[in-house]
Protein chains: 2
Amino acid sequence: MANTINTKTMPGFMELLPNEQRLFNWMKNTIQKGFETFGFTPINTPIMERAEVILAKAGGDTEKQIYTVSKLATKTTEDIALRFDLTVPLARYVADHFYELTFPFRRYAIGKVYRGERSQAGRFKEFYQADIDVVGNKELSFRYDAELPSVIYTIFKKLNIGNFTIRINNRKVLNGYFESLGLSEQATSVLRSLDKLEKIGEDGVRKELEALKLPEDVIAKIFEFTQIKGNASEVIRCLKALDIANDTFARGVDELSQVMGFVREFGIPEDYYTIDLKIARGLDYYTSTVYETTLDAYPEIGSICSGGRYDNLASYFIDKELPGVGISIGLTRMFDQLLARNIIRPEAATPTNVLVIPLEDQFLSKAMDLANTLRAENVPTEVSFEQGSLRDKLEYANKLGIPYVAFIGANEVEKNVFTLKDFISGTQEELSTEQLISKLRRS
Amino acid sequence: MANTINTKTMPGFMELLPNEQRLFNWMKNTIQKGFETFGFTPINTPIMERAEVILAKAGGDTEKQIYTVSKLATKTTEDIALRFDLTVPLARYVADHFYELTFPFRRYAIGKVYRGERSQAGRFKEFYQADIDVVGNKELSFRYDAELPSVIYTIFKKLNIGNFTIRINNRKVLNGYFESLGLSEQATSVLRSLDKLEKIGEDGVRKELEALKLPEDVIAKIFEFTQIKGNASEVIRCLKALDIANDTFARGVDELSQVMGFVREFGIPEDYYTIDLKIARGLDYYTSTVYETTLDAYPEIGSICSGGRYDNLASYFIDKELPGVGISIGLTRMFDQLLARNIIRPEAATPTNVLVIPLEDQFLSKAMDLANTLRAENVPTEVSFEQGSLRDKLEYANKLGIPYVAFIGANEVEKNVFTLKDFISGTQEELSTEQLISKLRRS
């Protein structure tokens with residue numbers, strides 16, 4: 001019977017070895033802790049939702065990727081679907097619990113989402129998103145649009161993944177500009193094409209715009225516009241100097257200018273953010289600020305953290321005006337890409353800091369005592385229970401990357417010490433319990 | 001369009017408000033940290049598995065509860081199912097990564113699993129399990145069977161949910177006893193009935209045993225046997241005194257006696273564990289030690305943490321002999337039951353420890369500076385960005401349970417201080433940044 005069942009990880013699913021998993025969890029915890037120090041509160045919605053909830057906002061490509069769920073026994077569909085992002089569940093949650101929540105509602109969510117994409121390298125069918133959103137009741141200050149980049153700046157610095165740039169734009173600036181070119185009807189299509197700039201390149205976008213029957217000079221103007229460069233105040237000055245008579249454009253420039261002013265006030269170093277007029281975001285529901293974040297040394301990875309502001313989070317679910325702004329880290333894909341490029345490196349395959357080895361069975365109880373004492377001091381500790389040779393036990397510690405081994409035998413009991421072997425320095429010393437605690441707690 | 005979509009949480013799914021979610025996460029983190037201080041390492045397998053993997057071990061009731069997954073667009077089943085526990089994925093993981101793992105493999109997993117049960121109070125279709133297992137290659141010391149209760153003891157003490165009893169038994173003791181009564185063929189059915197003792201009571205079990213055509217005196221003996229009471233050594237003595245000539249029974253008593261000896265050596269207080277000969281566990285794969293854990297004051301909740309030893313974890317997936325022992329906390333159900341009984345109580349709806357309020361817009365930058373300084377010291381901090389009145393801002397803090405508010409206005413800037421309001425004591429004082437840090441870091 002064995003071996004006839006395929007036990008390989010399915011394509012499109014990430015499964016990690018323990019040392020990689022520990023690194024992944026460290027990143028996830030760092031992100032979570034970062035969210036919490038900014039006062040975001042956790043919610044954890046089911047992975048399954050009523051199909052009508054999931055389908056309310058899904059359209060086009062997203063709808064094709066949705067998974068539905070059935071009971072095996074009855075083969076009956078349950079009208080249940082798996083979530084494809086964390087924003088739809090947030091909208092449903094806010095609608096359902098509207099009267100129990102305090103606004104502005106600052107929530108974070110870190111969880112798995114599902115998209116039945118065609119299998120290809122770097123694309124996942126199951127992946128983690130780590131989202132923060134601030135949802136207002138009727139109104140929401142643009143200061144929050146500047147706060148999110150400061151959360152991302154703080155967290156990505158802690159993740160230690162090299163320099164990065166948070167690229168900020170405003171949908172109204174783009175839409176207003178397109179309108180001023182006489183492209184009111186095609187504005188959404190132009191936005192969607194522009195969003196593919198990184199994937200399909202300038203030539204690809206140009207072809208799509210030509211297919212939309214845009215005149216050559218208009219296409220040229222669009223490319224020229226999106227390439228406006230400089231620091232935030234320079235770009236804002238440029239935009240104003242264009243002197244475009246379009247209300248949407250004017251409002252967009254005003255919003256963008258406000259947001260960039262707050263970003264500076266909030267103390268994010270200038271190297272880490274920029275206005276990038278190429279940023280469009282594919283999703284329909286953004287109405288103002290939009291963000292993408294790229295690693296300076298690895299632009300080919302694309303955006304690892306994106307989001308934006310929406311006028312109305314939950315219009316499909318509740319008759320309330322709920323403006324919000326949010327940003328999402330694509331954790332699984334980011335981890336996969338960083339690992340593949342050795343930007344992050346897995347270390348030990350276990351949290352254990354010390355392996356306690358009783359040299360004879362009679363010392364087992366003393367070994368457990370020491371382990372319990374160390375654990376009470378938050379030192380991850382394992383006791384060796386196997387019957388094998390000392391050599392086997394040291395090899396076990398070595399393979400897992402456990403940095404210390406503590407022996408207890410007749411000699412140690414007599415002297416009331418433990419012998420501590422340090423695998424990194426190669427040294428060995430006899431230490432009292434107190435000395436052992438202070439040494440291992442520090443390391 | 002709004003309001004036509006049902007946004008209520010589906011029956012059988014747990015969805016929490018922020019204050020409850022924070023309490024749930026605290027429990028989950030306490031469990032996770034407990035697992036790690038014992039040197040268990042995390043793995044995180046996909047929620048979806050090939051249907052053949054999920055079905056390899058499922059049978060009977062479990063199979064009826066399995067969810068399968070399809071693509072909405074194509075309506076085609078993908079031969080993918082959702083996991084119903086964390087043990088089958090562990091078996092598949094160990095088989096797939098056998099040559100990359102170090103044994104004994106100590107892994108923990110905390111994740112959601114899915115069972116399409118009929119909806120009823122206290123039963124969940126989506127729920128968290130928190131599992132630890134130690135998997136050996138060919139052999140595994142019975143010391144691990146005693147280590148697991150010491151992990152559970154340590155964690156449940158930290159969860160502060162009152163007194164509890166870890167009930168330990170051995171399948172071989174039960175099976176051997178049933179064999180000695182001439183019930184070799186019915187042994188499994190008798191075990192399964194016995195496992196329902198808490199659910200259906202002694203009368204219910206008696207009826208099931210009668211349905212198996214067991215003679216009345218045999219049924220009486222079974223009940224008498226399972227009611228043997230006393231501390232571990234007394235029960236072991238009783239079992240030996242029964243003088244039963246059955247090899248399985250003798251091996252079971254020997255294993256149980258060894259395990260209980262180690263449990264005592266490992267320092268678990270006697271009040272927290274017992275031999276309970278009624279513990280059977282429904283699942284087929286346990287072959288030796290079995291555990292259940294109940295709260296002393298709330299026996300009606302049933303077992304909140306169960307498990308046992310199996311001879312061979314992954315025989316369906318790989319031709320290797322992999323004995324193991326594991327235990328699983330039913331986190332969602334446990335949380336639900338504890339919350340319903342006020343054994344645990346939610347507190348603040350946010351991690352924020354202090355809300356910084358700039359009294360005028362010109363102080364926004366100073367407010368963000370303070371917030372960034374506090375966050376660097378791991379003090380969860382929020383800045384008030386809304387335009388509302390001071391009263392509104394204090395009400396916001398109060399509603400969320402934020403304990404401190406720090407004001408910054410002209411007076412504070414002049415004196416180079418912040419005014420800190422303590423909601424609990426009701427006091428208000430002017431503090432320098434350093435004083436503020438030391439006060440908030442402590443609290």
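Reply: Strand 12 (residues 354-358) of chain B runs parallel to strand 13 (residues 381-383) of chain B, and 3 bridges join them. Strands here are DSSP runs of E with at least two residues, helices are runs of H or I with at least four, and both are numbered from the N terminus. Two strands pair if DSSP finds at least two bridges between them. Look at V354(B): its bridge partner in strand 13 of chain B is T381(B).

Before going on, a word about what you're looking at: this is a predicted model, where local features need pLDDT of at least 70 and side-chain atom pairs count only at pLDDT 80 or more, while totals for chains, interfaces and linings use all residues. Residues are numbered from 1 along each chain as its sequence is written, and chains are lettered from A and ligands numbered from 1 in the order in which they are written.

Back to strand 12 of chain B: is it covered or open? It's mostly covered, with 5 of its 5 residues buried. Buried means that 20 or more other C-beta atoms, placed from the backbone, lie within 10 Å of the residue's own; 12 or fewer makes it exposed, and anything in between partly exposed. In a regular strand the side chains alternate between the two faces of the sheet. On one side of strand 12 of chain B you'll find V354(B), V356(B) and P358(B), on the other L355(B) and I357(B), and all are buried.

Now for some other strands of chain B. An open sheet is formed by 8 strands in the order 1-5-6-11-10-9-7-8, with mixed pairing. At its edges sit strand 1 (41-42) and strand 8 (273-275) of chain B, each pairing on one side only. Inside that order, strand 9 (residues 289-295) and strand 10 (residues 305-310) of chain B pair in the antiparallel sense over 2 bridges. There, V290(B) stands opposite G308(B) of strand 10.

Helix 6 (residues 171-180) of chain B lies across strand 7 (164-170) and strand 9 of chain B, at about 50° to strand 7. Angles run from 0 to 180 degrees between N-to-C directions, and axes are lines fitted to C-alpha atoms, for helices over the stretch in contact. Contact means that the C-beta atoms of two residues, placed from the backbone, lie within 7 Å.

Finally, strands also pair between the chains: strand 3 (residues 67-71) of chain A and strand 3 (residues 67-71) of chain B are antiparallel over 5 bridges. One pair to find there is K71(A) with its bridge partner Y67(B).
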